[in-house]
Amino acid sequence: MEPIVHPRWLLARMYEPDLVIVDCRYDMSVPSAGRAAYDRDHIPGAVYADLERDLSGPLAAHGGRQPLPDPQTFADTISRLGIDHETRVVAYDDQGGALAARFWWLMRYHGHTQTYILDGGYSYWRSLGYPVSDAHPPVIVPKRFEVRIREEMLADRQEVYERLYASNTVLLDSREAKRFLGVEEPMDHTAGHIPGAVHAYWRESLDDAGLWKSPEEQRERFAAAGIDPDQEIIVYCGSGVTACANVLALERAGFRKVRLYAGSWSDWISYKDRPIAKGE
């Protein structure tokens, strides 16, 4: 099944007992804003997952600004949300799908195969006149989510370093062009990009209405960036969050050798021996 579901699909199934809706809204500049937005209103029955508290691990010297959570800690969180491997899950945000994509990627990485993203996010849902609620979080019956790590989905800093100039590997930078070029860096202490990386801004996964582009349009987009489907593709951004949107777009487009560098640029620049490039 497609990883992107239309609001009509969710509307028809939102009260089915084996489906959990997860609100992933978050504002990196105002960390409390996502939960506040959820408290104001949300899709009925949705539970809330916080980027920092639930979808990231503690900060350390390396690992980036949003390190991956410890697998068992993540499993405990997902269990508390009433999710196991038999549960269907639909995640949404209001940030173009990047936060929902982070949740989607984490669920797949931990072995869950039935996680989907709501096309258009919360704003699109509301624009269609579909129901919203300001009710308190629902009573959740915990389930047992087992960790089934898929190591092939992840690349670490050492693997990226070893593949800098490998002809069979593409490094894909998902940040805005000005950050890729090193013209501006609002989030991290050093500007630039990993040498040899190509650029495809993650928001270009969406059309002008904020909906996900078709697989055919995604293929055209990545072909324009010079990406060959036969190559291994390692995707990164600033902290491993918005890169997940490009991972999803690549996989929908039929690319099969796709991995996430979870620590991304903020991890890369935490090492003294890392090379840095600027410009095209």
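Predicted model: local features only at pLDDT ≥ 70, side-chain atom pairs only at ≥ 80, totals over all residues.
1. Strand β7 (residues 169–173) and β8 run parallel and are joined by 2 bridges. Strands here are DSSP runs of type E with at least two residues, helices are runs of H or I with at least four, and both are numbered from the N terminus. Two strands pair if DSSP finds at least two bridges between them.

2. Residues are numbered from 1 along each chain as its sequence is written, and side-chain values use heavy atoms, with hydrogens and water left out.

3. β7 and β8 belong to an open sheet of 5 strands in the order β6-β10-β9-β7-β8, with parallel pairing. β6 (154–155) and β8 (198–199) are at the edges with a single partner strand each, so one side of each has no neighbour in the sheet.

4. Leaving aside residues up to four places away in sequence, N168 touches Q231 and E232; contact means heavy atoms within 4.5 Å. G182 is 14 residues from N168 along the chain, and their C-alpha atoms are separated by 25 Å.

5. Another open sheet also has 5 strands, in the order β1-β5-β4-β2-β3, and its pairing is parallel. Its edge strands, β1 (4–5) and β3 (47–48), each pair on one side only. β1 runs parallel to strand β5 (residues 115–118), and 2 bridges join them. I4 stands opposite I117 in β5.

6. Which parts does the ring pair of Y92 and Y122 tie together? A search of the whole structure finds 8 aromatic pairs. In the pair of Y92 and Y122, the ring centres are 5.6 Å apart and the planes are at 20°, so the pair is stacked. Y92 lies in strand β4 (residues 88–92) and Y122 in helix α5 (residues 121–127), so the pair ties together parts 30 residues apart in sequence. Rings of Phe, Tyr and Trp (its six-membered ring) pair if their centres lie within 6.5 Å; planes under 30 degrees apart count as stacked, over 60 as edge-to-face and the rest as tilted.

7. Helix α4 (residues 98–109) and helix α9 (residues 243–252) have axes that come within 8 Å and cross at roughly 70°. Axes are lines fitted to C-alpha atoms, for helices over the stretch in contact, and angles run from 0 to 180 degrees between N-to-C directions. α4 and α9 are therefore roughly perpendicular to each other (angles of 65 to 115 degrees; under 35 is roughly parallel, over 145 roughly antiparallel and the rest oblique). The residues that meet are A101, R102, W104, W105 and R108 in α4 and C244, A245, V247, L248 and E251 in α9. By class, this contact of α4 with α9 has 7 nonpolar, no polar and 3 charged residues. Ala, Val, Leu, Ile, Met, Phe, Trp, Tyr, Cys and Pro count as nonpolar, Asp, Glu, Lys and Arg as charged, and the others, Gly among them, as polar.

8. α9 also meets helix α8 (residues 215–224): the axes come within 8 Å and cross at roughly 110°. α8 and α9 are therefore roughly perpendicular to each other. P215, Q218, R219, R221 and F222 of α8 make the contact with N246, A249, L250 and R252 of α9. By class, the contact of α8 with α9 has 4 nonpolar, 2 polar and 3 charged residues.
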